[in-house]
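Subject: Model for your files

Hello,

Here is the structure I said I would pass on. My notes on it follow below.

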Amino acid sequence: VFRGELEGCYLYSRHSNPSVNAFGKKIAAMEGMEAGFGVASGMSAIASSVLQIMDGPGHIVCSNTVYGGTWALFNNVLPKFGIEVSFVDPKDLTAWEQAISKKNTKILFTETLSNPLLAVADLKSLGEMSKKHGLKFVVDNTFTPMIISPAEFGADVVVYSCTKYISGSSDLIGGAIISSQDFINQLIDVNTGIAMLHGPVMDPRVAYELYSRLDHLGVRMKAHSQSAEKLAKKIVEANIEGVVYPGLETHPQFDLMKSQIHQEYGYGGMMTLDMGDLRKALDLAKKLQEVKFGLFAVSLGFTRTLMSCPAASTSSEIPEEEQKKMGLKTGLIRLSIGLCGDDDVMIDRFINSYREVIKS
């Protein structure tokens, strides 16, 4: 059993658990990949995958617009293990190519849709680049489950924070790693497996909940996309500037996004709005909470709309000068649009609140 030769036999839950294994198989089927493994959080999914692939010193090329926790892990922690990371503009394929070292680069890492700037990764080109150089292509698909399948574009490993859309209720924490059966076996190897020996495995009760919620994930993602797209278009019609949504033709990578999505699930529930400065961004978020448009909270993927100011919260680990390089402005609000965000009353509340804050 401990050598992985007897499937369906269980001795120790950190190594394998029937509920966690069932969740892994189900999410792997969703991604069109061989196997999956549940872990304790999205960050543990990233850290475990990267450390297992690197297996010692080496080099990673990573998008520079990733989530603040990912940036801090790559910039502040991995160098302690002899792992160097080069951050590049996710839209600049030449920069990706030039950053690859022929000697020790092992991973290309990107988010499908970047957190929080909503830059779209060219998955096909990056997948081809990784194969050309013999690298592993790791993709964080947290913002776009069901909407985009990174494996179709060459991803070797797909990671999720299941705390977000896959949970859908902001009531539990979990992560997932989806890849080949061989890689999942490596992660839980009793002698060398990072997930096995570092121990960030998923609680079986969480696995049960997530297994059940995957059944209606597709329905929920369609609803999030519908709500967000309607709100984004109404905001534009109201002559409000600074909105970014990948389903708007004004998004600089709209055509790329359209070419990568499963059309029936839409463009996702994430959008941003630049208020110009942090004070106005905070004022708008607070005002929108007062009028019951949504909640001023840093998570995403909840049934209700959640609003945050990334420069001062989820991206605060990134130094100010680096935020400026990647184009993250202090006045940016990130909106995770809820299932009923397309309600006309809600849209009016948003537009009226925006106008009040701008005048103040």
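Please keep in mind throughout that this is a predicted model.

I began with a helix pair. Helix α1 passes helix α8 in a left-handed crossing. On the α1 side, the contact is made by S19, V20, A22, F23 and K26; on the α8 side, P204, A207, L210 and Y211 take part. Sorted by class, this contact has seven nonpolar residues, one polar and one charged. The two helices cover residues 18-31 (α1) and 204-213 (α8). Their axes come within 8 Å and cross at roughly 35°.

Next, the sheet. Five strands make up an open sheet with mixed pairing, in the order β8-β9-β12-β11-β10. At its edges are β8 (243-244) and β10 (295-296), each of which pairs on one side only. Further in, β11 (residues 306-308) and β12 (residues 332-336) run antiparallel and are joined by three bridges. Within this pair, M307 of β11 stands opposite L335 in β12.

Is S353 buried or exposed? Its relative accessibility is 3%, and the cut-off for buried is under 20%, so S353 counts as buried. Leaving aside residues up to four places away in sequence, S353 touches L284, K287, L288 and V291.

Regards

Terms used. Residues are numbered from 1 along each chain as its sequence is written. This is a predicted model: local features need pLDDT of at least 70, side-chain atom pairs count only at pLDDT 80 or more; totals for chains, interfaces and linings use all residues. Side-chain values use heavy atoms; hydrogens and water are left out. Two strands pair if DSSP finds at least two bridges between them. Helices (H or I, at least four residues) and strands (E, at least two) are DSSP runs, numbered from the N terminus. Axes are lines fitted to C-alpha atoms, for helices over the stretch in contact, and angles run from 0 to 180 degrees between N-to-C directions. A crossing is left-handed if the near helix is turned anticlockwise from the far one by less than a right angle, and right-handed if clockwise. Contact means heavy atoms within 4.5 Å. Ala, Val, Leu, Ile, Met, Phe, Trp, Tyr, Cys and Pro count as nonpolar, Asp, Glu, Lys and Arg as charged, and the others, Gly among them, as polar. Buried means under 20% relative accessible area, exposed over 50%, partly exposed in between (1.4 Å probe, protein chains only).
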